[in-house]
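This report describes the fold, the surface and the charged side chains of one protein. Please consult the sequence and the model alongside the text.

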Amino acid sequence: MDLFAFRAANLLVGNDESAAALETVFMGPELEFTSNATVAVTGAELPPKLDGELCDLWSSFDVKSGQVLSFGYLRSGA
């Protein structure tokens with residue numbers, strides 16, 4: 001795992017920098033949230049989409065219960 005990206009993601013959402021995180025390579029999952037959350041996607045350029053709308057990499061964003069986080073195709077950085 002990219003330790004810098006791992007720590008940055010945790011800090012962006014207000015977690016301890018060693019809190020658990022999800023790592024994905026080449027192709028991201030599709031995740032339906034069952035509760036509200038704040039997330040950050042860091043590391044390789046794997047564009048996050050919230051309900052189909054692109055979100056920024058390397059920043060945090062809020063997700064509401066019932067929303068779906070998915071990913072576009074890997075552009076670079078694997």
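How many helices and strands are there in the protein? The protein has 1 helix and 6 strands, where helices (H or I, at least four residues) and strands (E, at least two) are DSSP runs numbered from the N terminus.

## Basis of the report

The model is predicted, so local features need pLDDT of at least 70 and side-chain atom pairs count only at pLDDT 80 or more, while totals for chains, interfaces and linings use all residues. Residues are numbered from 1 along each chain as its sequence is written, and side-chain values use heavy atoms, with hydrogens and water left out.

## Overall architecture

Read from the N terminus, the elements follow the order α-β-β-β-β-β-β. Along the principal axes, the C-alpha atoms occupy a box of roughly 30 × 30 × 15 Å. The radius of gyration, taken over C-alpha atoms, is 12 Å, which agrees with the value near 12 Å for a compact globule of 78 residues; the globule rule is 2.2 Å times the number of residues to the power 0.38.

Among contacts (heavy atoms within 4.5 Å) with a separation of 6 or more, 53% are between residues 24 or more positions apart.

## Surface and burial

Of the 78 residues, 28% count as buried. Buried means under 20% relative accessible area, exposed over 50%, and partly exposed in between (1.4 Å probe, protein chains only). The protein exposes about 5,200 Å², and carbon and sulfur atoms supply 51% of this area; accessible areas come from the Shrake-Rupley method with a 1.4 Å probe, and for residues only the protein chains shown count as cover.

Gly52 belongs to the loop between strand 3 (48-50) and strand 4 (53-54). Its relative accessibility is 52%, so Gly52 counts as exposed.

## Charged side chains

A search of the whole structure finds 1 salt bridge, defined as a side-chain nitrogen of Lys or Arg within 4 Å of a carboxyl oxygen of Asp or Glu. Arg7 and Glu17 form this contact, at 3.3 Å from N to O. Arg7 lies in helix 1 (residues 3-12) and Glu17 in the loop between helix 1 and strand 1 (31-32), so the pair ties together parts that are 10 residues apart in sequence. Arg7 is partly exposed at 40% relative accessibility, and Glu17 is partly exposed at 36%.

The protein has 4 positive and 11 negative charges, whose mean positions are 4 Å apart. Lys and Arg count as positive and Asp and Glu as negative, without His and the chain ends; each charge is placed at NZ of Lys, CZ of Arg, CG of Asp or CD of Glu.
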